[in-house]
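Here is a short tour of one protein model, written for someone new to reading structures. Take a look at it first, then read on.

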Amino acid sequence: KPWRHRSKRRASTMKLSMAEKLARQKMRAEEKELYRGLIEEVQQLVRDKAVEIRERTGKYTAQYILDDIYQMPRLSVGRKKAGPFRAYVSLEMERINKDVPEGEPRKKIFECMGEIAARWARLSPSEKAEATAGRVEELEDRKKNRATGHHNVALAAFQDTHLTFENVAQELQRLNMRTSDECLLVVVRADTTHFNVPFTYRISERVDEFMNLAMKVSPEDFAKRLEGYILSGNKVNRMYYKNFEHHITEQHGIIVKNWPLTKFCNPSEIHTSTEIRILINSWTSGTTFFYKMSLLEWEEWSSTHTEAVQRMQEVRGQPRDESPPTAPQPPGDDEGNTPPTDSPLNPPIDTPPAHPLPSPARNPLTASTESSSSGGSFVNSFAVTGANGMAIQTAGRTRKKRSDAGKPRKWRQTERLGERTEV
């Protein structure tokens, strides 16, 4: 092609032999491995420092501190200083929005920029300096306050997720315009302290049709279920109403909040249609929900539950378990992640933002003592709470006592089978 220009290869250029190519390839691999090792050492050092900060402050988790550290580059303020024109725009927008009535939408900068720029161009240099006197320093002070102010990790994560999702969605839309490719994008949070709701994006309705045909759910419902699966941090194969504290709360750190009935039991054990309707409406409206405790709340619950069980054992005359309670461990990466959604009522998976557990009116130790002394096998440790914040008693299945409990057992040898059997 005549418009192309290609320079001739220099005669002094020599091709590398196969041995030289392999040597260079080996050298590049060693350099890359060394670089990755150094990066891993730095990351491990940062993780160790986050654990040290967690131990010294005792306020935030190590993951929260790591998120705060890694978000710092996004919060760095640009080096560009506030100029006179920016100060003039700030003053003009303040003057324009001053006359806007309360409750009415305020004017945006892009709506007034043309008019403000025209007025700025008509001013002389002395008038510009006089009009912006003091406002430039004020804008610099605001920038410093934003740089050194308190950083909200959850809010920064929400903004980061929202902006990144919008940018990715725009890129996918441009890809569809170029290639007609279809896609489905789903983004859900992995921490209950974050604020973002499940995001879904698809190019056309064909994706909705496929989801309804193949999975019998819409993309929004799929995103909600995925969020519940990720947020739970555990895989619960079935729902337990008997011994709920042991099978669900103690193992997975999940409790039930705002149970509307006086008794926590399987819905199949409810005998009145009125209570069934109350329970269904409470689940579908989101009033009753499964709550995933944070690690600190889980540790506090485990300590309270252990004390309640030991108190009940003392009242029954059983020996007290002096072994220290084991602190609950966060779920590993190899575990599944799904909340106990296979309840017959199939409650919604929307998890509300984390908030402190309500303070009930009764002491869990007293409640467990009263329940055990009345002949039942209840351990009241706030695994299930009612609408008023008080704990709902959960029943535990008690084993039948052996008829020969406490008696020495005799053994005899059977001549026919030659094995030891109990008399």
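## The overall picture

Helices (H or I, at least four residues) and strands (E, at least two) are DSSP runs, numbered from the N terminus. Counted that way, the protein chain has 14 helices and 7 strands. This is a predicted model, where local features need pLDDT of at least 70 and side-chain atom pairs count only at pLDDT 80 or more, while totals for chains, interfaces and linings use all residues. Residues are numbered from 1 along each chain as its sequence is written, and side-chain values use heavy atoms, with hydrogens and water left out.

Of the 423 residues in the protein chain, 29% are buried (under 20% relative accessible area; exposed is over 50%, partly exposed in between, with a 1.4 Å probe and protein chains only). Now for contacts, meaning heavy atoms within 4.5 Å: among those with a separation of 6 or more, 64% join residues 24 or more positions apart.

pLDDT is the predictor's confidence in each residue, from 0 to 100. The protein chain averages 75, and 70% of the residues score at least 70. Confidence is highest in strand S1 (residues 184-187), at a mean of 93, and lowest in helix H14 (residues 364-373), at 36.

Over residues 330-380 pLDDT stays under 50, and the model has 127 contacts beyond four places in sequence for them. Residues 413-423 also stay under 50, with 18 such contacts.

## Helix H8 and what follows

How far apart are the end C-alpha atoms of helix H8 (residues 153-179)? They are 38 Å apart, which agrees with the 39 Å that its 27 residues should span at 1.5 Å a residue, because the expected span is 1.5 Å times one less than the number of residues. Buried residues in H8 include Val153, Phe165, Leu172 and Asn176.

Just after H8 comes Ser180, with a positive phi of about 65 degrees although it is not a glycine. Ser180 sits in the loop between H8 and S1. Is Ser180 buried or exposed? At 56% relative accessibility, Ser180 counts as exposed.

## Another positive phi

Asn243 is not a glycine either, yet has a positive phi of about 55 degrees. You'll find Asn243 in the loop between helix H10 (219-232) and helix H11 (244-252). Its relative accessibility is 26%, so Asn243 counts as partly exposed.
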